[in-house]
Amino acid sequence: MMLDALERDAVTELLNVAVSRSAAALSRMVGKPVAMSVPDVRILSRAEALDTIAGNRNTSLIAVGEQFSGPFSGRALLVFPETRSLHLVQAIVGEHLTLEEIADLEEDAMIEVGNVILNNCLSGIANMLGCRIEATLPHCFQGGGERIFKRTIRDDDDGIILFTSIDFSIRDRDIGGFIILLMDLNAISNLRNAVARYVDGIRRSLPDPHSP
């Protein structure tokens, strides 16, 4: 199953608006402007998605993940290189604490950051589609990309996956990461239906160009 050009553009725009809420929420937490890239939306096999998230296999990552459900379901991940996650926590709690001192706060702080960013993104999608999306409590994972991926994607997920990634960065700080939404074949079909209704609603709200 593939998304046609109109569906891909609609999903990209939907995510683009939704993640602006996440950027605003993160900006309030760190007191700095946060820039987010245009979402990259791709249909990948499980193996391709694994290769994408693993990236540099020598880099240790920290990820906050939660499952979401509604008209479509899947998993949302907030992923950082582990070295940058400590700097993000420091940006939130203040410069008066050293990286060594905040190491004990890292997991709890990252779960809170993930909860705010991911839920703002999901609620933005829900608001635009006029539906309800619920999410589980987030969990924190650490390790290489392959290990994190295997803890969040079941081994029997052998179908295609809607893989969306959004890069973000915080001004004046070497902090950046990814928001990743993973959906399986059935969820993609349900998302297509929801997006079709969303696009149809926009079309109906536009003036009829053939009206006098």
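Guide: In this chain, residues 24 or more positions apart account for 72% of the contacts (heavy atoms within 4.5 Å) with a separation of 6 or more. This is a predicted model, in which local features need pLDDT of at least 70 and side-chain atom pairs count only at pLDDT 80 or more, while totals for chains, interfaces and linings use all residues. Residues are numbered from 1 along each chain as its sequence is written, and side-chain values use heavy atoms, with hydrogens and water left out.

Of the 212 residues, 45% count as buried, that is, under 20% relative accessible area with a 1.4 Å probe, protein chains only. A nonpolar core is a set of buried Ala, Val, Leu, Ile, Met, Phe, Trp, Tyr and Cys residues joined through side-chain atoms within 4.5 Å. The largest such core has 51 residues, and L26, F72, L78, L88 and I125 have the most contacts inside it. Helix α5, residues 106–129, gives the most to this core, with ten residues; helices here are DSSP runs of H or I with at least four residues, numbered from the N terminus.

Leaving aside neighbours within four places in sequence, L78 is in contact with I62, A63, V64, V113, G114, I117, L118, F168, F178 and I179. A second, separate core of 14 residues includes L50, F141, F163 and L182.

As for the whole, the C-alpha trace spans about 70 × 40 × 25 Å along its principal axes.

Notes:
Buried means under 20% relative accessible area, exposed over 50%, partly exposed in between (1.4 Å probe, protein chains only). Helices (H or I, at least four residues) and strands (E, at least two) are DSSP runs, numbered from the N terminus.
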